[in-house]
Amino acid sequence: MNDGKYNGFLVSGISLPPDVDEKEACVIAATELKRAGVDPARLHFSVYKRSVDARKKNDIRLVYSVAGRFDSPRAVRLPTKSGKYRISALFDGELDICRGSLRASAQPLVVGMGPAGLFGALLLAENGYEPIIIDRGDDVRQRAKKYDSFYRFGILDAESNIQFGAGGAGTFSDGKLLTRINDEKIGYVLRRFCDFGAPEEIMTAAKPHIGTDILLEIVDKMLLRIEELGGKVMYRTRMEGIRELADGNLLVKTSKGDIVASSVLMAIGHSARDTYKMLLEDGYAIEAKSFSVGVRIEHLREDIDRALYGDMAGHPKLGKGEYHLSDTSSGRGVYTFCMCPGGEVVAAASEDGGVVVNGMSRSARDGVNSNSAVAVSVFKNDYDGTPLGAIEFQRNIEKRAFAAGGGDYSAPMQTVGAFLGKSNSRAIGRIMPTYRGGAVRECALDGVLPSFICGELRRGLVSFERKLSGFSADDAVLTGVETRTSAPVRILRGEDMRALGKGRIYPCGEGAGYAGGITSAAIDGIRGALKIMEEFAPSRD
């Protein structure tokens, strides 16, 4: 991607009290670069990233990285003098697009409208490839109606729900864009979200998020843009088979008829269990992998804010309190995941007779409760080590949760006090469960989750209390089960991103086992689209 030219310099580690204007960080960055021998007059300064350092409650700080940009990219020489702050070269991550010369006799097909499929299809459309994009679920508005019906009445549409439909599973979440990968395309993904309506602050926040309410509109706008550029969007269209034709094209069987495609970007999502089974039967190389299983824990949002920020809780520059906790001392690992400040626990089932939970926040994050997953690592030796065995491990837990909840998609719930065996702390107290407006049934989670999961959860709750006061409060609420933290399998692919031995088929995103979250899935979909573009010429200018 980078041809040796950079956009400027990045000065990192500038720590200031929250009440200090962030312009001061830009002044400090300019001074630091001048001290290191760089003329700041040639640069334009702006905040690049902003994070909260709350390790000392009596001295909470905002930590800034400041970008000093040139008018145009150029080669840079990093200062050799070491100073108080870290200086690095800045590259803003523009895509390096290479278009092939082969004229396709059919359009590229994108399977799945989650982040990988959506960003891949958008990139193809904007470069003249007129893709077809399909999803087994509905558009965002109809999908929201289906979720409302499930929330209110327990009526599940197994084809259109929190897992399936326009936007994928991430649409009904916090809209978190934080990723642990280090990739130059991150800035590109964030900028494209802003182009379609995301708030500009995601460009500078260390833990950017959009919120479900805004993300729904963004997804709709992206799909409309694909259609405007000559692409075709097909809902309620499930892929049911795929085979290579003599001319190298692919015949894809769907629930709405056959589609001939020049290539297939396969972004099926981590819950497409029937699709995994079909691919296995068709001889695709698929392996089981580690994943995680656990519960959602709920606290009062104000309690979490106070535990993190002390007397400064509520300060407008600090935002709503977020945490990430982990403990790997047992060799297995328990950790918090997908923390949703001011959010709710949502019903995320996609199969009849199974209960699944996830977390969701709206953009304001102003709900009474905050929640996160508390998940335990599951290894291949915890089941039979096969792809279908991994899926059945998840499914069996979901079925037990359904039964424990009473068989009407109510969720099994237990207070932390009861789960830890405190006999005087068993009833719901200050913290009211948010799952489907309180459609929970109190029961022992030991009857739902495997014993090794419960043991690790108990150890984790005790460990996390030492790191965040009040985390294991007796009246904190545990709701189960969280089983869809990631895909339990990986569809193997080569360096060219093609499925092994299967022609122009590009598995990508979370469902293929190569991503974990909205941003990393979007980047993987972009990679797949770039590979398709390398081979084929656009169908239009």
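Helices (H or I, at least four residues) and strands (E, at least two) are DSSP runs, numbered from the N terminus. The model is predicted, so local features need pLDDT of at least 70 and side-chain atom pairs count only at pLDDT 80 or more, while totals for chains, interfaces and linings use all residues. Residues are numbered from 1 along each chain as its sequence is written, and side-chain values use heavy atoms, with hydrogens and water left out.

Which residues of α3 are buried? They are V140, R143, Y147 and F150, where buried means under 20% relative accessible area, exposed over 50%, and partly exposed in between (1.4 Å probe, protein chains only). Seen down the axis of α3, the buried residues fall within an arc of 80 degrees, so they line one face of the helix; the arc is that of the directions from the helix axis to the C-beta atoms. An α-helix has 3.6 residues a turn, so residues three or four places apart point the same way. The cover over the buried residues of α3 includes α5 (212-228) and β16 (344-347). On the other side of α3, K145, R152 and F153 are exposed. At the start of α3, a side-chain oxygen of D139 comes to within 3.0 Å of the backbone nitrogen of R141. After α3 comes G154, with a positive phi near 70 degrees.

The elements that give two or more residues to the lining of the largest cavity are α2 (115-126) and α5. Among the lining residues are L118, F119, L215, V219, M222 and I518. On a 1 Å grid over the protein atoms alone, a cavity is a set of points where a 1.4 Å probe fits but cannot get out, and lining residues have an atom within 4 Å of a point.

A67 lies in strand β3 (residues 61-74) and, at 0% relative accessibility, counts as buried. Not counting residues up to four places away in sequence, A67 touches F9, L10, H44, F45, S46, Y48 and L90, contact meaning heavy atoms within 4.5 Å. S12, in strand β1 (residues 6-16), is buried at 14% relative accessibility. The side chains of S12 and S65 are joined by a polar contact of 3.3 Å. A polar contact is a pair of N or O atoms within 3.5 Å; within protein, one must be able to donate a hydrogen and the other to accept it, and residues adjacent in sequence count only if both atoms are side-chain atoms.

Finally, some backbone details. Most residues other than glycine have a negative phi, and most peptide bonds are trans. R436, not a glycine, has a positive phi of about 45 degrees and is buried at 11% relative accessibility. A cis peptide bond, with omega about 5 degrees, joins G480 and V481.

Note on methods
1 Å grid on protein atoms, 1.4 Å probe; cavity = no way out; pocket = protein on both sides within 12 Å on 5 of 7 lines; lining within 4 Å.
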